[in-house]
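Subject: Structure for you to look at

Hi,

Here is the structure I promised to pass on. Have a look at it first, and my notes follow below.

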Amino acid sequence: MIQVGGQAVIEGVMMKAPKSLAVVVRKPNGEIAFKEDLLHPWSDRWGFLKWPVLRGTLTLIETLVQGIQALNYSANQALTEEEEKKELGSWSMFLTMSLAILIGLGLFVALPHGISAFLGTISPYRFGVESLTFHILDGLIKVFIFIAYIWIISRFKEIRRIFQYHGAEHKSIFTYESGEDLTVENAKRHSTLHPRCGTSFILLVLIISILLFSFLFPFLPKFTGLSVWLKNGLYVFFKILLMIPITGLAYEAIKYSGKKAHLPWVRMMILPGLWIQHLTTQEPTEDQIEIALQALSRVLRLEGRPINPQVV
């Protein structure tokens, strides 16, 4: 059995296997559109990119590119015949990715660090970046921003539908991993919460960053003589550099938890991520599950794996 992951898109689902990808969406007129691609991972060309930890960062970048492309495809399919469809070119893709990364670093690295630094200066206990208190507070602010962001966007009707497709994606993957026929009835019985979800990955990144920053930052230079803003700017720069090993470690942890979710201590580790998935997944309708199963079946066929012909 191969490992399959996915992503909800606008009125559809993207499914990804090691060597292939499929996007299936339902158009406004009810028709089903699909897009299939064979993948050529960078790690196939350069073997060292398969090394543990390093492969996690590479996978994150590749997944981000593929996710944006899938969202663009689904957005175009959601347009009516009279509306103009636009494909993202190379420069548009680069700018979109760069903007997404910058917003993410701003929200989850620079902003929490700045707030923690400010609170450290006004606190009667006066704590700085070298203290454990600073990094615990920094991590709690990150988690708060993450949960608040998800809660706010979940109030929008369009996002709730994407979250329903997210639930359909998880149910479909559970059905495949359980060895059952890929039918709507089988998928409906499964949970919308999956241990290998990207939501759990993000939470693991936050937790690992707290631990790693708490251990490393007391050993960094104190930058005495520099202004407060410049000093904290340098610390933020170090944090951005450390995101490479942090994302790699989180990827390895998610990969391991997907295989060992039956172990009690692993279940405890993934439990917070599953709790947050109550916000990012919703119970899907049968027609949404059907779309997810079609995407899964198509990607399995591209991989040369047996599938249930009912959903092709």
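Let me start with a hairpin. The one formed by β3 and β4 has five residues between its strands, and G30 takes a positive phi near 95° there. Strands here are DSSP runs of E with at least two residues, helices are runs of H or I with at least four residues, and both are numbered from the N terminus.

Before going on, a word on the ground rules: this is a predicted model, where local features need pLDDT of at least 70, side-chain atom pairs count only at pLDDT 80 or more, and totals for chains, interfaces and linings use all residues. Residues are numbered from 1 along each chain as its sequence is written, and side-chain values use heavy atoms, with hydrogens and water left out.

Back to the strands. β3 (residues 20-26) and β4 (residues 32-38) pair in the antiparallel sense over seven bridges; pairing requires that DSSP finds at least two bridges between two strands. Within this pair, V25 has A33 of β4 as its bridge partner.

There is also a hairpin of β1 and β2. Strand β1 (residues 5-9) runs antiparallel to β2 (residues 12-16), joined by five bridges, and Q7 has M14 of β2 as its bridge partner. Two residues lie between these strands, and E11 takes a positive phi near 55° in the hairpin.

Now the whole fold. The protein chain has four strands and ten helices, and from the N terminus the order is β-β-β-β-α-α-α-α-α-α-α-α-α-α. Along the principal axes, the C-alpha atoms fill a box of roughly 70 × 50 × 45 Å.

Of the 312 residues, 44% are buried (under 20% relative accessible area, with exposed over 50% and partly exposed in between, using a 1.4 Å probe and protein chains only). Among contacts (heavy atoms within 4.5 Å) with a separation of 6 or more, 64% come from residues 24 or more positions apart.

I240 is partly exposed, with a relative accessible area of 33%. Leaving out residues up to four places away in sequence, I240 touches L105 and V109. I240 and V109 are 131 residues apart in sequence, yet 7.3 Å apart in space, C-alpha to C-alpha.

Best wishes
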